[in-house]
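The following paragraphs lead the reader through a protein structure, beginning with the chain as a whole and then turning to selected parts.

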Amino acid sequence: MEQGRLFNAQINEPLANRMRPKSLAEYAGQQHLLGKGKILRQLIENDLVPSMIFWGPPGVGKTTLARIIANQTKAAFINFSAVTSGIKEIRTVMKQAQEAAKNHERTIVFVDEIHRFNKAQQDAFLPYVENGSIVLIGATTENPSFEINSALLSRCKVFVLKALDETALCSLLRRAIESEDGFGDQSIVLEDGCLEMIASFSSGDARTALNTLEMVVFNAVEKEGNLFVSRELIEQCTSRKSFLYDKKGEEHYNLISALHKSMRNSDTQASIYWLARMLEAGEDPLYIARRLVRFASEDIGMADSRALEICIAVYQACHYLGMPECNVHLTHAVIYLSLAPKSNAVYAAYERAKKDAYATMKEPVPLQIRNAVTNLMRELHYGEGYRYAHDEENAITDMECLPSSLQGHRYYEPKGYGSEEKVRRRMQQLEMLRHGKKK
């Protein structure tokens, strides 16, 4: 069959629409919610759907799940778009739902991109959710804690949908190739690793994966009645090279190790390079952001406490924007961490304390720093000898806070790099003040 005829026959409806699941059996991913015995599956199968919010990144099946509910519920189902609907439309539909409720008929209202509704629009739903006239299902890519009115949110159950893993995406792509709704009537031959490559490029987004597959098939080379899809073709369609990289294998750990050690060695140029290697190979930006947060305390710590603040801000930016936009935020953090003064004193402090904690797990908390919340505790001398630091000169006492067997043990030893020099002087000052009060 010629490419042109295949294209013309199916151009009017995108593959992602044709392959949209119609039942839970066809639905990919979200097993933590929809697996056998899980609460959301039971609610859907028993037609006991409450008002709820689906929160998750694009392309993970929020709207699809709402449509599956529409297919399985005995209630009237109304689809709203927060982009095109106003208060007038909301109130008209709510009035209809209220009339239906008088006849013991349920109405489920689905609002896509509910975070785009302003406060007044969201408030228009509230009385009808409260009195049970409607069941509201909202879908959002934004944190509902910030984007949904608290009064409305308190009346909805929030279900968090996760980005699809590569196994689920590959299964979805394979079904699209084999299904009559997809390319089942075509003979498609894929080079090894092609599905995994598309899944990696899609970063957990089913819609992106199916759109990419569709583009690849429409551009496949026809030979002897077969459509051949190569890795090179996918590289051309996605503008992304296929790097040697397995996000769960050795190369994953090799590259994050290279990034970590380059930053630790204050090699800014190498750090940026290893970051780019990971991102362009398809690494999850949130994974890298989490490792940077760890690095900020493990390898910099009190030498520059701003490093941790910056890394937390970069993690949030990556969560809001995703790739490719967040690559510049990660680069910002990597450069900052590379240039910052280094100290592993915070990391070493915990390791020393952990060793003592394991060895002294049965050591009692000193009586003077226990909380005497009952008469019995007071009779047992809980809190006896406690001195309130704010009542003392320089807000410090000579009271011992370590178990007796550990008194004098030292854990945090600032090295004097960057801001740690100021921290070291402050610790010396406090020790002198404490020592003076013991005389």
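**Overall architecture**

The protein chain contains 21 helices and eight strands, where helices (H or I, at least four residues) and strands (E, at least two) are DSSP runs numbered from the N terminus. Its radius of gyration is 29 Å, well over the 22 Å that the globule rule gives for 439 residues, so the chain is more spread out than a compact globule. The radius is taken over C-alpha atoms, and the globule rule is 2.2 Å times the number of residues to the power 0.38. Taken along the principal axes, the box filled by the C-alpha atoms is roughly 95 × 60 × 40 Å.

The model is predicted: local features need pLDDT of at least 70 and side-chain atom pairs count only at pLDDT 80 or more, whereas totals for chains, interfaces and linings use all residues. Residues are numbered from 1 along each chain as its sequence is written, and side-chain values use heavy atoms, with hydrogens and water left out.

Of the 439 residues, 42% count as buried; buried means under 20% relative accessible area, exposed over 50%, and partly exposed in between (1.4 Å probe, protein chains only). The accessible surface of the chain comes to about 24,400 Å², and carbon and sulfur atoms contribute 51% of it. These areas come from the Shrake-Rupley method with a 1.4 Å probe, and for residues only the protein chains shown count as cover. Among contacts in the chain with a separation of 6 or more, 74% are between residues 24 or more positions apart, a contact being heavy atoms within 4.5 Å.

**A three-stranded sheet**

Three strands form an open sheet with mixed pairing, in the order β6-β8-β7; two strands pair if DSSP finds at least two bridges between them. The edges are taken by β6 (188-190) and β7 (221-223), each of which has a single partner strand, so one side of each is left without a neighbour in the sheet. On average, neighbouring strands of this sheet are turned by 35 degrees against each other, direction ignored. The axes behind this angle are lines fitted to C-alpha atoms, for helices over the stretch in contact, and angles run from 0 to 180 degrees between N-to-C directions.

β6 and β8 pair in the parallel sense over three bridges, and Leu190 stands opposite Val229 in β8. By contrast, β7 and β8 (residues 226-229) run antiparallel and are joined by three bridges, with Leu227 in β8 as the bridge partner of Glu222. A hairpin is formed by β7 and β8, with two residues between them, and Glu224 in the turn has a positive phi of about 50 degrees.

In a regular strand the side chains alternate between the two faces of the sheet.

**Aromatic pairs**

Rings of Phe, Tyr and Trp (its six-membered ring) pair if their centres lie within 6.5 Å; planes under 30 degrees apart count as stacked, over 60 as edge-to-face and the rest as tilted. The count by this rule is four aromatic pairs. In one of them, the rings of Phe54 and Phe159 have their centres 6.5 Å apart and their planes at 55 degrees, so the pair is tilted. Phe54 lies in strand β1 (residues 52-55) and Phe159 in strand β5, so this pair ties together parts that are 105 residues apart in sequence. Phe54 is buried at 0% relative accessibility, and Phe159 is buried at 3%.

The rings of Tyr273 and Trp274 have their centres 4.8 Å apart and their planes at 70 degrees, so that pair is edge-to-face. Tyr273 is partly exposed at 43% relative accessibility, and Trp274 is partly exposed at 23%.

**Two loop residues**

Ala163 is found in the loop between β5 (157-160) and α10 (166-178) and is partly exposed, with a relative accessible area of 45%. Not counting residues up to four places away in sequence, Ala163 touches Pro57, Val60, Ser203 and Gly204. Ala163 and Asn394 are 231 residues apart in sequence, and their C-alpha atoms are 52 Å apart in space.

Met323 lies in the loop between α17 (306-321) and α18 (327-339) and is partly exposed, with a relative accessible area of 26%. Leaving aside neighbours within four places in sequence, Met323 is in contact with Leu279 and Pro285. The C-alpha atoms of Met323 and Leu275, 48 residues apart along the chain, are separated by 13 Å.
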